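Good morning, and thank you for coming.

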Amino acid sequence: MKIAVCIKQVPDSEARLRLAGDGRWIDESEVPFVINESDEFALEEAISIAEAKGGEVIVFTIGPARAAEALRKALALGAHRAVHLSDAAFEGGDAMSNGRALAAAIAREECEIVFTGSQSDDVGYGATGSVLAGFLDWPHSWLVMGVEMGEGTCKVTREMEGGLNEVSNLALPAVIEVQAGINHPRYASLKGIMKAKRKPIDTPSPSDLGLDPSAIGHAGAGVEIVSVDFPASGKGAEMLEGSPEEVAALLVDKLQKEARVL
Amino acid sequence: MSGQDIWVVLQQRDGALHRQSDELITAGQQLAQQTGGAVHAVVLGTDVGGLAADIAGRCALDTVHVADDPVLTPYTPGAYVGALKGALQSAAPAYVLFAHSYQSMDYFPRLAQQVGGSVVSGVAGFEVEAGAILWLRPVLGGKLQAKVRTKGSGPVFVSIQSAVFSSDELAPGTGTVSSLAVDGAQQDRDLIGIEQAGEEEVDLSKAAVIVAAGRGVGGADKMPVIEELASVLGADIGASRPVIDNGWLPRDRQIGSSGQTVAPKLYLAAGISGAIQHLVGMKGSGCVVAINKDANAPIFSVSDYGIVGDLHEVVPAITAAIREAKG
Ligand SMILES: Cc1cc2nc3c(=O)[nH]c(=O)nc-3n(C[C@H](O)[C@H](O)[C@H](O)COP(=O)(O)OP(=O)(O)OC[C@H]3O[C@@H](n4cnc5c(N)ncnc54)[C@H](O)[C@@H]3O)c2cc1C
Ligand SMILES: Nc1ncnc2c1ncn2[C@@H]1O[C@H](COP(=O)(O)O)[C@@H](O)[C@H]1O
C-alpha cells in the first residue's frame, strides 16, 4: 500500500516575528522553520499504518529550497521517499493552486490514502486537503481524530462542535485531514537520520506533472495577501513591569482594588 | 444583477439553525450594500421547509432556497457539494458565505473547487478599499492579521468567525422561498454514529476563577506551578488544547472552540498565545490576566492586565503575593 502525506514547512511558533519590507509577509530571513504541527501527526499516522500493514510512505511538499529540511526530517522519522515541488512556478500559491499541484503529484503514484494536516500554522486556510480531494475526486474528511484501516475502507472519527464526534466509513482511496493530538509523534533516531540521507527526493517540474504554470503557485491562486500587521490590541492590556516580585505585588493590588476580583 | 449577489449558506442540525445564522445573514446584507447585489439564503436538509419559511418571514433578503431531500441527512460533504454545485454555477453569485464551523469547513473548500471559485476561510471582517473588498483574517496563530484580496474568477467562498457581525444589526423584512432541485447529490460517507467525544467530568462553565495553562508551561512535570496558584486562589484549572493533546491534563480541562466555554470573573492565562480557537472559549471572562514571555502574543489584546516574562518566575511570585495578601 502506498500512503501519501502532505507536509508544509512553517515558521516555528516560538519565532519572533518581524514584518518584511513590503509589509506583505514576515521577514523570513532569521526565522527557524519546522514541520507544521498537524502534519507531524498526519505523518505519524501514516508511518504507523505502514509499519502495521506494510507499505510505502511518500511525503510531498510545496516550498522553496529550505523545505527540503522538512522532507529530510520526515524521511528520518520513517517515510520512504519524498517529492519536493520546488520549481519557482509553485511559489505563492493558495489552497486552490496548491491543492491542484499536490493532487497532480499524488496522482502520479498509485496511493490508496492521503494524509494531510487540518490546518497550516502560517496561512491557516484549513482547505488544501479538501481541495486536493476534490481534484482527485476522492472522499475526504476534515478534523480527523481517529483512523482505523479496513479492507477497501477506512473508519474515520471526525471532530464536530459541541463535544461530539462523527464516526463513519470512507471508501478508499480517500484524503484524511488530521487534527493535532490524534497520536504521539515519534522522535527521529540517529539511525533514522543516517538512513534519511540516502533516501530519494524527487523534484518534478510543472510540466512533468502535466500542470500549466498559469494554474499553480501565485498565478493560479484565487487569493493573495495584500498586507499583514500586528492586530490592533482590542481593549488593550495594562502592562505591568518590574521584577517578578514587583509585578506580582502590583497585580495583586490591582486585582483587589481596581478589578475587585480578589 | 446576479454577478453581484451574495449567497448565505445556513447550517442546521435536527431542524435547528446553527447559532451563527443571523450573524451570517447580517454579514450578507452588509456585504450586499457594497456590491449592490441581492442577498440569497440556502437551507439544506430533510424537512427544513419550516426553517426556510421562518427566515423568509423575518429577514430582508431576496430568496431563501431550500434543498429538501433525504440524501442530505445525515450530513455528508458529497451530498452537500452535489446539492449546491449546480445552483451556484448557474446563479454565479459574487460571494458565498458560511459560518466558520467544523461542518462548513469540512465541505465548503471542496465546493469552491468544484464550482471553480476561491477560498477565504476564517475571516474576522472586511474592509472596502478603492471599491474592492479586503478580507481580514488572522495568520500565524493570530500573531498577525492579514488583509487578503481575491483575484480569481468565479464566486468567492468565505467562512466567517463567530461574533464578527452582530445579529442585532440584522435588517428585518421578508423574502420568497424557492425550492432547489437536488440532482446528482450523493453521500460519500457511511455514517456509523455520532458519539460524545469524551466523559465531561469537570464543568468549568460555572467556575468563578480559572487558572489556565498553555503550552508555554513546558511539561506535565511543570504543572505544579499552575496547581499552586490555583490552590491559593481557590480556582479551577483550565488549559489550551496542546496541553491536553500532550497529555499534561485530561481533556475535560480544555477551553476553546473544541473544548468548554467559560466566563469566570477572573481568568489567568499562563503560557497561552491566544489563538482564535482558544479565545472563543474564554472571551466572556470578566478580568483577564495574561503571563507570556512574548510581548506580541495576541492574548494580550484580550487581557486587562499583562505581564511579559517567564511564567516559571512570575507565577510563583504571584502565588506568594496572594498568599501574603490573604495573610
Ligand atoms: C479546528 C481547531 C480547533 C481547535 N480548538 C482549540 C480549543 O478548543 N482550545 C485551544 O486552546 N486551542 C484549540 N485549537 C488550537 C489553537 O489553534 C492553538 O494551536 C492553541 O490554542 C495554542 O495553544 P497555546 O497557546 O497553549 O500554545 P502556543 O500557541 O504554542 O503558545 C505558547 C505560548 O507560551 C509562551 N511561552 C513559552 N514559554 C513560556 C514561558 N516560560 N513563560 C511565559 N510564556 C511562555 C509563548 O510565547 C507562546 O505565546 C484548535 C485548532 C483547530 C485547528
Ligand atoms: N505548501 C504545502 N505543501 C504541502 N502540503 C501543504 C502545503 N500547504 C498546505 N498543505 C497541506 O494542507 C494542510 C492544510 O493547509 P492549509 O489549507 O494551508 O490550512 C496542511 O496541514 C498540509 O498537510
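Which residues lie nearest the centre of the second largest pocket? They are A:Lys8, A:Gly92, A:Gly93, A:Asn98 and A:Val123, and the lining has 43 residues. Please note that this is a predicted model, in which local features need pLDDT of at least 70 and side-chain atom pairs count only at pLDDT 80 or more, while totals for chains, interfaces and linings use all residues. Residues are numbered from 1 along each chain as its sequence is written, chains are lettered from A and ligands numbered from 1 in the order in which they are written, and side-chain values use heavy atoms, with hydrogens and water left out.

A pocket here is an open set of points on a 1 Å grid over the protein atoms alone, where a 1.4 Å probe fits, with protein on both sides within 12 Å along at least five of seven lines; lining residues have an atom within 4 Å of a point. The second largest pocket holds about 1100 Å³ of space. Among the elements of chain A that give two or more residues to its lining are helix H3 (95-107), strand S6 (111-117) and strand S12 (223-229). By class, the lining has 16 nonpolar, 16 polar and 11 charged residues.

I turn to salt bridges, defined as a side-chain nitrogen of Lys or Arg within 4 Å of a carboxyl oxygen of Asp or Glu. Side chains of opposite charge can pair when their charged atoms come close. The whole structure has 28 salt bridges over all chains.

Which chains does the bridge between A:Glu224 and B:Arg149 join? A:Glu224 belongs to strand S12 of chain A and B:Arg149 to strand S10 (residues 144-150) of chain B, so the pair joins two chains. Its N to O distance is 2.6 Å. A:Glu224 is buried, at 9% relative accessibility, whereas B:Arg149 is partly exposed at 35%. Buried means under 20% relative accessible area, exposed over 50%, and partly exposed in between (1.4 Å probe, protein chains only).

Within chain A, A:Arg186 and A:Glu44 form a salt bridge of 2.9 Å, N to O. This pair links distant parts of the chain, 142 residues apart, with A:Glu44 in helix H1 (residues 37-53).

Finally, A:Arg81 and A:Glu109 meet at 2.7 Å, N to O. Both belong to a network of salt bridges that also includes A:Lys2 and A:Glu56.

Technical notes:
Grid points are joined across faces, edges and corners, and a volume is the space filled by probe spheres set on the points. Helices (H or I, at least four residues) and strands (E, at least two) are DSSP runs, numbered from the N terminus. Ala, Val, Leu, Ile, Met, Phe, Trp, Tyr, Cys and Pro count as nonpolar, Asp, Glu, Lys and Arg as charged, and the others, Gly among them, as polar.
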